[in-house]
Amino acid sequence: MIKKAILWISVALIDAILGWSITLLFINGSYALGIIVILLLVFIDYALINPKGYPFRYMLPALIILMILTVYPIYFTFQIAFENYATGYMWTRDQAINILLDKVVISPNPKFFNYSVYTLYKDYKPTNDFVLLLKGPDGKLYIASSPQPSSPGRYTSSFEMLTNGSVSIDGVNYSVVRSLKDPSQIIAISVNGENYNYFYSPSDQSTFPNLKFFNSNYGSILSNTEFINPEIGTLFFTTTYGFNKLVTAKYEYTLSTMPVVENGHQVQKTVLVNTITGQPVLEHNSAFWDVDPSTGKQTMIIGYYGYTGLANFSSLLTNKQIMSPFLSVFIWTFEWAALSVVFTFAVGLILAIVLNNRNMRFRTIYRTLLIIPWAIPGFISIIMFRVGFFNVSFGIINRIFLGEWLHLPPINWFGDAFWAKVALFLVNTWLGFPYMMVISLGALQSIPDDLYEAASIDGSSKWHSFWTITFPLLMTPLAPLLIASFAYNFNNFNVIYLLTGGNPPIPNSITPAGQTDILISYTYNLAFGGASGRNYGLAAAISILIFAIIATISAINFKLSGSFEEVNK
Amino acid sequence: MFKVHPIRHIIIIAVIIVVLFPVLWIFTTSIRRDNSSISPNLFSNQTTWQNYIDLIFEKPNVPLLYNDIANIYSLGSPYNKMNDKEILNVLNGDFNAYENYFKSTYRMSDSITSNASWISVNFIPKAKSLAIENVKENSNADLRYISIVSSDLAAKFNSLDQNYKMAGILDLLNSLKSSPDQDTIRIVGQYFPEIPQSWDNYKNSMSKAASALSNVPGNVSEILLESGVDNQMAKDLVSAYEETLNSLKNGTFTYGNWFAPIYLRRINMDTINLSSTIGSTSAAKLQNIKSMVFSTVQNVNSAFSSYDRSLSDAISKAQSSKTLLLSTLQSSLTSLSNNYNQLQNKLNTLTASSVSYLSAMSYDASQISIFSNNIVPTAMALDNMVSLVKSVLHQSKLSTQSGIFYDVSSYISQAKDWIAISSKYSIFDPITEQVQKILDDLNYIQNNQSVIYANLNSNAILNVKTSLPFVLLKLQSGLSMSIPVLQNYDTNAQKYKEASEQIPDVRKQLEEVSSEIGPIQEKINSINDKISIASLYFETLKSAKKIDEEAKNINSFKNADVFLNELNKYYATLQNSNIYSQLPPMPSSSRYDQFFNTQKLIDTVNLTLQTGNNLNKFTDEYSYYISNLKNRSKDYVNINVLGFPFSVNEINSINNLYQNQYVSIIGPNLGIISRRTNELADLPYFKEISGKLNSINDTSYYITQIWMQKYIPPLMRWLLNSIIVSGTAAVITVFLSALMAYPFSRLRFRGRKYGLIGILLIQMFPTMMAMVALYLLLNFIGKFLPFLGLNTLGGLTFLYIGGGIAFNSWLIKGFFDTIPMELEEAAMVDGATRYQTFWRIILPLSAPVLAVTMILGFIGNYGDYILASIVMTGLNNYTFAVGLQTFSTGAYSSNWGLMTTAALIGMIPILVLFLSLQKFIVGGLTQGSVKG
């Protein structure tokens, strides 16, 4: 009974938590993640409630994590591969519109207003109720009413000029209270009879102890407040001048309905209008464009991402500036993986053959010593190679081996494509041959000695028996491992990125591609490179491509090693 | 028993040395003291464990303590959140550390000072005398060399013509103009006796003038005193006369330097001004004295002028000799060179223009070939039409009728013009052929106008007549468009021909000129050589004699120094001469190394004593500031914590002191001392003090370690981050994977097969691919669960877990499959639930494999760079992989010692883990490869 109770309670709890997160997700617009969590919810309920779902209970924690961290990202990668999510297009259309509507532009001949804050105190502590005293460039004083919310996240406040020390705004009476000792000081403002005390002014150092309160309590309101006066216009706190002073400014874009020609008909549409030029904002190519009324030239203001279909994939094939570096990276990736396997396998096999003798003393010591390059974490050894060995001016290869010992000119390791590749192969062979050596040793040991004896009796030389006996018999167990190594090197981000970073760069390429870049490092630079903007959409498209290739290779490999049969057991 | 051939061992050992060399290099570089990124040595014998101490214990040295204190006083983070008691605690800790450092510094500075003074008192006098002996011994070889060279030069010199001798003495004469000296005058006196004569004359006149004027200053001051004048002007007048007298006495008088500043401005003006204040008799006396001095000096001046004249005469004589030897040759060389340059320019222009013509031609030719695509169909069409006409005419009986079928004369002339040009060039032959065919066809039509006209009623000919205009139109447009191109080609071809015909001629002329230049240049060179011999002879006359004299006098350190200086100057003169290569080889200069090294030792010891002094003073001042701060710290901190900005000026003073004293002077000096003592300690003749020198070296190094600016990154923090993240992720991953693998292995349920395939598929899409998605995902999650967001350890752990589950589940399932089911069935018969069989049987049995998987997972996560670099953006949150990168870029990329130390510290745990798991790894791999 207790067990059942615990079960139902936990089901209820999990449902509650997941339900809450689903609603959160849908509110935030992450529909995909929300759907996945819904599926999870259904699955969890089935697993916990239904006795037939017993096996699934074991899988629950792992499955949750798998779903969130592996399945969802796969889905997400597919999704953004079909969108144009990139630098300059990082918002949804609605977000872009909101950003534009929030933009404040300072007017051409700006007028500056200084201000002081007057706060209502309660129990000797300041409250969030305040008004402002403004001083214009002509020295005249104005009162600005307490900012009221007008639309979500925005506030308005009206300000009017003081006449004889008082003014009435929207039916509220304001008057200034001056100090008796020094009439030039306004110590309070009386609002409908209640005194708001002098609290803070950016030019008065004595009020700085109140700065913290001002920033935390008033700052967010004031930075979104529009101060309105019918004659002067609108004042804002801008990013240029911060909270130092108010500036005449206005919202750069507003919404308005205008007649627009669409499909040959005139329709009334709600469009964004640039308040300075008066021109409507054009929208095409997944972005908003300003039009200069005199020249007709269009400049892009902000872009938004949305479904663009196969644009990313087709640009890989059609856009010459993207395609040709991509193609060279693609070809090089295959070359790199294949040659890496060849080199590491050759070295590993030779060493395995030399070591493969039971009578050899110190055999285990040799093997242990030779495994060390594999045991050292890759990123450490690669950095050492990059900085200490292959550095063009300071590296010991150029400086000491070539310079001091042999008096040869230095080699431009990372500037010349050929030598960069040589360096890459050297390092990768150093890193990879122990693995090959170990598996070759294992495979060699499975070949019975009688075969060699028989062959030598038949008059075969060592070289001949290697090619006819050893090599074919090695290939059977090793082929899947070699293919797996090919797949590993195909995606060997660490070596490429940490040693050469893809350099030397391919000239005339708008995407950051290098001559030693492999697909995955190219993708990484596209997504996180930062230098020429981040093109997440294109990066995701290439990720999918890599996945397709790897999946094919792995499928071939699994077929070879018979893993699929194990599934059916 | 087959003995293994030793060659196997040798090969393996060689490979091991090559393969493990980088590891060895990493270790040795991490313990080096010098800056290995610029040192020419691959290894160094100056070792220290300082890098390890710095990185592991992170004990801040003085500059880092200073940063901390400055941070405290300006209430930077994390101090802005602490209360005053806590801040005072930290501050006191810092002050205590400061005290310790001061004590160490005093101790170490005393050590180097005492060592240095011991050396100075007990060793240096001995070393000095040994060095002097060394110089004396070695000087013989040099003296011998000098005498050989001198006699060689003298012999060659004497065989020279007078003009050469004159030309050779020119340099010496010029040097006399700027700085006259006795020896040189004697030397040139052999050829120009007027010079030493006039010089002696000049010297005599000066000493005579000096004795004549010896009483003047005394007289003048008497006169002035009598007149009662004792002001500044009077003093100035007397001193002006004194200066004049002194310069005449010691022979440094020069008229140019005397006349305006001393005579005009002082003697003259002062006399005039003073004369107005004293009596007329005294004024007259002063006047007289002034005139007398002036005329005496004039005598000296005229003596000098005659010397100067004789010198100038000699110079012009020498100059004219030189000119005589060289002038004609040099002028003809100049004119030949100009000629050569002109011809070279012409050749270049011709070559360039012919290249441009060629390229224009090829451009035109390609245009024509485009046109040819046009022509062929036209020709074929025309051909067909004409054959149609011919076939009709062949059958027809009608002969002629007056009339014109179609006038193609203009086309004929066009085609003829075309062929006229194109036939000149064989590359247009194919087209020419076509156009020729057209021409033939057109001619046929033109010649048979009336016959064809007669047969107009034939359908074929009517058809031809209708379509002929179109063909002809096309032909005409093609021809008219291409004729200009053809003509252009023609022009360019002709110009090209002209240019290329000229080129061989110009080349030949160039050769002729250069062949003339050669001999002349040689003649000039040989004359210059002979002049150089003469001038070297003269130059070395003086120094050789001086060196001989000095060599006899080497009995003190200073004299030895002077001797060696002169010797160096002599050798330098030889090396600068043009005929250096004709001289016998110089003896090596390293024979005097003992002397120079002793000099170096003396300098270094003095520098050490001075630096020790400076260091003490510097430390005194610094600790004075610190003790002030200590006394005032309570108040300072309180005021700051209360929120009132308060600037502590002592901080600035400390920084200025540090920059001005340590960074500019003491620090570099300590470095110099270290370097020099290191070099000197190895020398055999300093063996006795090598211990002390090494001690000075080490101590200086440790002093700099206390005081120099260091950047110590939070390596331990990074290591801890890596270990926490990788370890936690590995443990959790293995548990979750084991849980997940269990039903797939043991139970049969719907969706098992597709589940397994799904896991396989997911495995193929490594999380790295989805780095974009994961980045945004973490960003999103971080808003609600801050401990799992970006830049948190939890977030990264979360990602690692996700990345490992698929792969590990598959592996563990494979292992579970090898455990026989009978065990569980037996247990279940005994009443255990499924879960209990999992918990009590399967897990314990697979514990070793799970442990190995965990450790392998740990090693794998530890080595991940790409995810960690994306997720972790704050310096303190870096994992070790990302943190190590910061060593290799930017300003710290040349501090190899620190970088290799960090690498080694991070590498050792993994290395140890891996090697101790070797059996499992190797065994597992080989097991997997051997089936059955």
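What share of the 932 residues of chain B count as buried? The answer is 47%, where buried means under 20% relative accessible area, exposed means over 50%, and partly exposed lies in between, using a 1.4 Å probe and protein chains only.

Okay, some ground rules before we go on. This is a predicted model, where local features need pLDDT of at least 70, side-chain atom pairs count only at pLDDT 80 or more, and totals for chains, interfaces and linings use all residues. Residues are numbered from 1 along each chain as its sequence is written, chains are lettered from A and ligands numbered from 1 in the order in which they are written, and side-chain values use heavy atoms, with hydrogens and water left out.

Let's take the two chains in turn. Chain B has 29 helices and zero strands; helices here are DSSP runs of H or I with at least four residues, strands are runs of E with at least two, and both are numbered from the N terminus. Take the contacts in chain B between residues at least 6 apart in sequence: 80% of them join residues at least 24 apart, with contact meaning heavy atoms within 4.5 Å. The accessible surface of chain B is about 45500 Å², and carbon and sulfur atoms own 56% of that. Those areas come from the Shrake-Rupley method with a 1.4 Å probe, and for residues only the protein chains shown count as cover.

Now chain A. It has 569 residues, 47% of them buried, and its secondary structure comes to 17 helices and 18 strands. For chain A, 55% of contacts with a separation of 6 or more are between residues 24 or more positions apart.

On to the inside. The largest nonpolar core holds 193 residues, and the members touching the most others are A:Phe390, A:Ile542, B:Trp25 and B:Leu884. Such a core is a set of buried Ala, Val, Leu, Ile, Met, Phe, Trp, Tyr and Cys residues joined through side-chain atoms within 4.5 Å. Helix 11 of chain A, residues 417-445, gives the largest share of this core, with 15 residues. If you click on B:Leu884, its contacts beyond four places in sequence include A:Phe379, A:Ile380 and A:Ile383 from chain A, plus B:Trp718 and B:Met899 from chain B.

Next, a pair of helices in chain B. Helix 5 (residues 162-178) packs against helix 15 (residues 459-551) at about 55 degrees, with the axes 7 Å apart. Because of that angle, helix 5 of chain B is oblique to helix 15 of chain B. Among the residues that meet there are B:Tyr164 and B:Gly168 in helix 5, and B:Ile531 and B:Phe538 in helix 15.

B:Phe557 sits in helix 16 of chain B, residues 557-576, and is buried at 16% relative accessible area. B:Gln599 is 42 residues away along the chain, yet the two C-alpha atoms are separated by 9.2 Å.

Then there's B:Ile706, in helix 19 (residues 690-707) of chain B, buried with 9% relative accessibility. B:Ile706 and B:Phe102 lie 604 residues apart in sequence but 9.5 Å apart C-alpha to C-alpha.

And what about A:Glu252, buried or exposed? A:Glu252 is buried, at 13% relative accessible area, and lies in the loop between strand 13 (246-251) and strand 14 (253-262) of chain A. Beyond four places in sequence, A:Glu252 touches A:Lys103, A:Val105, A:Val273, A:Asn274 and A:Thr275.

Conventions:
Axes are lines fitted to C-alpha atoms, for helices over the stretch in contact, and angles run from 0 to 180 degrees between N-to-C directions. Angles under 35 degrees count as roughly parallel, over 145 as roughly antiparallel, 65 to 115 as roughly perpendicular and the rest as oblique.
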